[in-house]
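Please open the model in your viewer and keep a selection panel at hand.

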Amino acid sequence: MKHSLPSMARLFICANLLLFNLNIVQGQSLANKETHKADQALRALSTIPAAVKSATRARSASTLQVLQHVKTMDGYVAIDAYSNEADGNVLLEQLQRLGLKNGTFHKRVVSGFFPIDRIEKLEGINNLNHASPAYTPQRKVGEVSSQGDVSLKADLAAAKYGVTGLGSKIGVISDSYGSIGGGVAAGVASGDLPADVQVLADVPGGTDEGRAMAEIIHDVAPGAKIAFHTSSPGQAAFANGILGLASAGCNIVVDDVIYLAEPMFQDGIIAQAVDEVAKRNVTYFSAAGNQARKSYQAPFKNTGLVIPGWGVAHDFGGGDTRQSISIPARSSIQLMVQWSDDFFSTSGGEGAKTDMDVLVYFNNTLFANSSQGNIGRDPWETIAISNTGASAVTIEIALVKFEGPDPQMIKWIDFGSAVPLEHITNSSTIYGHANAQGAIAVGAAAWFNTPQFNPSLSRPVINGFSSGGGTPVFISTTGQEAAFTNQRIRRKPELVGPDGGNTTFFGADTSLDPDTFPNFFGTSAAAPHVAAVAALMQEKQKGKMSPGAVLDKLISTAIDMDNPYSEGFSEGFDSSTGWGFVQADKAVEASSTKANQTLTFFDIPDRSILDPRVIRLEAYTTSNLPVEFMVLQGPATVSGDLLTITGRGVIRIKAMQWGNPEFNPAAEVIQEMVVKGVAQAITFSPLANITYGAGPIPLVATSSSGLPVQFRLVSGSGTITDNMLTVTGTGTLTVMATQQGNAVYEAATPITQSFTVSKATQTISFADIPDMMLTSTPIALEATATSGLPIHYTVLQGPATVSGNMLTLKGTGKVRIKAAQYGNGLYMGAPEVVQEFEVYQPLASLKTTTLAGVGPAGQGSFVQVGAYPNPFMDRTAIEFGASESGELVVEVWSPAGTLVNSLYKGPVTAGRAYSFEFDAAGRTSGVYICRFTFNGQTEYKRLVLVK
């Protein structure tokens, strides 16, 4: 349904063991996820009360309940633990000291039953990367039965060619073989089991489905030997079981188990074990699964819309951030969600680069979530919810990216019974080891839907629940991700076999057959039927048939079937029925002829020379014969399947496979790739706008290659020397950073930056000019400017002239001088600065006489002042005398109270009379005041100007 992204409180689900009360509590934001070595489900187990742990179901008033699909047994939980080291032996010993039972390791993965009450101690193991429950799907039991050997025509093959499977040893991998007391002995006593089944490893508490598979094998190929190895308690046990059965002499192995956490887009450790035994001439069959096409797969589409606290939501289509899914009454949904990132458990490399979460909404409210911290670990989330009510319930799921880059692909598979209501893709559900190149995946058809039991049918009809293929594998086992292409999709399933055959104990009886024996159905029953046919074929060839030859004969003699998901009849291979339904009689008959082999040479994408320089060439043949590679052109060498790139250019590689006595030669296939230099990116430190004159600017740039960066001035005024830019003008400057390539690196894409150089602001400092005596010697004016440009001087007032910076005084009085500086192309005009000072009459120019009538201080008049004539018309003489020496200032002020003239400023001598002349030319009539300031005392004399 179409949804916006609401802002709401974050909810967590406390998911108890198996099916328990739903506890919803308001929690804190996951903005910073806590990183624990034990995942969410394991830590939840350690907090459940003991009384609840012993129960399988707790009371609940809620219709929807969280289902925790975790395998537990007597206080222990099956775990997969992942070592930080390539070899998990050290981690195995550390876990065993903490109580791990049935422990085993394969590469870096350790599996076993771990005590629930010690889960918190996992956090203290430095060698542990992380640990999770060994998630396995719930077994799905069908509703029909079949008579497998008859529908396969295995009975006809045995009668016509006298084959019983003699000489072959078939290994069975399932949950358990002898957990049910007395079951094995009863099967041997009834003749449904051979007495010499070799049990390499078994665990208690299972359903003994492996024994039911052995009964089917014994029915179809009674002469074949049988061995068993449990798939429990985790992926390491499964992988070791495959290798153990091969080492025990099994030339055929069949399984019916999948671990949910097996990679979808990468070959995990179980798939790698399958490929390994296939190269050792073991024919491997795997049940395709019973999930039909209950899967959603699409490229991750970033909506750009953030669910607060969770991350960016995936767009299911048209901007819809949620997908509506119906859970039928008394059913469940059990989702495994993965995205195309590297599995740490597979490669031991960087692990997942992206952290995705799954949100579940009910009644438009966040109801549950799966939110492990995935970065550096494995890219999957899983969640299971049960509907205990009497009617269907609709939930909505959102897939959100918490952090990291957008993944190339996302996918979920439902191991429950839910029904998507929108955004339906009907994608593949075969993944993991069943999708391995060395495995033969087997689908299922009901016995009554085969021509042997239904004469109205010309072809068998596939069961609706049989899983479909089409899952791409485009991440290498070392963690390199290739681009998705259709060539990365493996053709699965290869074949279809019957289900519903009778067993002595497994399943439930159906009214569709006349007996009362229980009937075993599902792809778990189909796979052992086909594996037993392979034993009949091997007897015909005295055990010399390779896995590829077995597959070729089974394919070439199978009855073509229709794909129910496509219109019209789909001839040949299709992803639901493979190449068709197995015909044992024809396959045994064809076993004496040479097999055809096909050669698939996987795309080699263009790459840079260091990404990496040594790559593994991938080719697949139906015969599993060795493939030879040859470099036809280009800078590269090949050794085995390793290609070493020695330079840049076009490389052409040929894959070849020759026949042997049982195979026709395969065609040669040529791949072409382009090796480019490594792209280098330049980071150019930003250049800020500057003002002219700021000095040389350092240019700083780095490259991802570490090669030196060169700089070039594209436009503007400036020079560059040794990565230092000197500007020589204003305006816009553009600088380019470039970097040349070499044998490894391509030339970098140049980066340019532009910035503006503005005119500089200039300031003037004009040195003070003190008051002074009139002098005929020119005075040097002192002013400086920040720009260094020339300074111009102007006389604004007073008897003076200026030439350059030299001032000549022409008389006494106030003088005002302006210092100014003008701008040019680089500088803005400076402000004007004005200095004021007074010019006084020098002492040498005064008329002096002996002063009479003035005695020492305190005896007669202290000072004597006068003026003559007064009143006056043009000029008047002003006199001054004092009884003591001192400093004298003589000024004339106008009737308006302004200073008119400064007649004198300087020393005088006691007993002397001084005469000053006041020239009033050009002045208006009125009373002028002559002020005498002498040794801190002031005297005034009125001067009357008459015009």
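A cavity is here a set of grid points where a 1.4 Å probe fits but cannot get out, and a residue belongs to its lining if it has an atom within 4 Å of a point. With that in mind, and remembering that this is a predicted model, select Asp39, Tyr82, His130, Ser132, Gln372, Gly373, Asn374, Arg377, Asp378 and Trp380, which together line the largest cavity. The space inside the largest cavity comes to about 100 Å³, and its lining divides into two nonpolar, five polar and three charged residues. In total the structure holds four cavities of 30 Å³ or more.

Now turn to the largest pocket, whose volume is about 1400 Å³. To find its centre, select Thr477, Arg616, Leu617, Glu618 and Asp641, which lie nearest to that centre among the 46 lining residues. The elements that give two or more residues to this lining are α9 (269–279), β32 (614–616) and β33 (619–621), and the largest share, six residues, comes from α9. The lining of the largest pocket comprises 21 nonpolar, ten polar and 15 charged residues.

For the aromatic rings, of which 23 pairs are counted, begin with Tyr177 and Phe228: the ring centres are 5.5 Å apart and the planes stand at 35°, so the pair is tilted. Tyr177 lies in the loop between β10 (169–174) and α6 (183–189), while Phe228 belongs to strand β12 (residues 225–230), so that the pair links parts of the chain 51 residues apart. Both of these residues, Tyr177 and Phe228, are buried.

Move on to Trp447 and Phe448, whose ring centres lie 5.8 Å apart with planes at 90°, so this pair is edge-to-face. Trp447 is buried, at a relative accessible area of 9%, whereas Phe448, at 26%, counts as partly exposed. Then select Phe265, Phe474 and Phe484, which form one aromatic cluster.

Finish with charges over rings. The charged end of Arg211 sits over the ring of Phe505, 3.8 Å from its centre, and Arg293 lies over the face of Tyr565, at 5.2 Å from the ring centre.

Key. Residues are numbered from 1 along each chain as its sequence is written. This is a predicted model: local features need pLDDT of at least 70, side-chain atom pairs count only at pLDDT 80 or more; totals for chains, interfaces and linings use all residues. Side-chain values use heavy atoms; hydrogens and water are left out. On a 1 Å grid over the protein atoms alone, a cavity is a set of points where a 1.4 Å probe fits but cannot get out, and a pocket is an open set with protein on both sides within 12 Å along at least five of seven lines; lining residues have an atom within 4 Å of a point. Grid points are joined across faces, edges and corners, and a volume is the space filled by probe spheres set on the points. Helices (H or I, at least four residues) and strands (E, at least two) are DSSP runs, numbered from the N terminus. Ala, Val, Leu, Ile, Met, Phe, Trp, Tyr, Cys and Pro count as nonpolar, Asp, Glu, Lys and Arg as charged, and the others, Gly among them, as polar. Rings of Phe, Tyr and Trp (its six-membered ring) pair if their centres lie within 6.5 Å; planes under 30 degrees apart count as stacked, over 60 as edge-to-face and the rest as tilted. Buried means under 20% relative accessible area, exposed over 50%, partly exposed in between (1.4 Å probe, protein chains only). A charge sits over a ring if NZ of Lys or CZ of Arg is within 6 Å of the ring centre and within 35 degrees of the ring normal.
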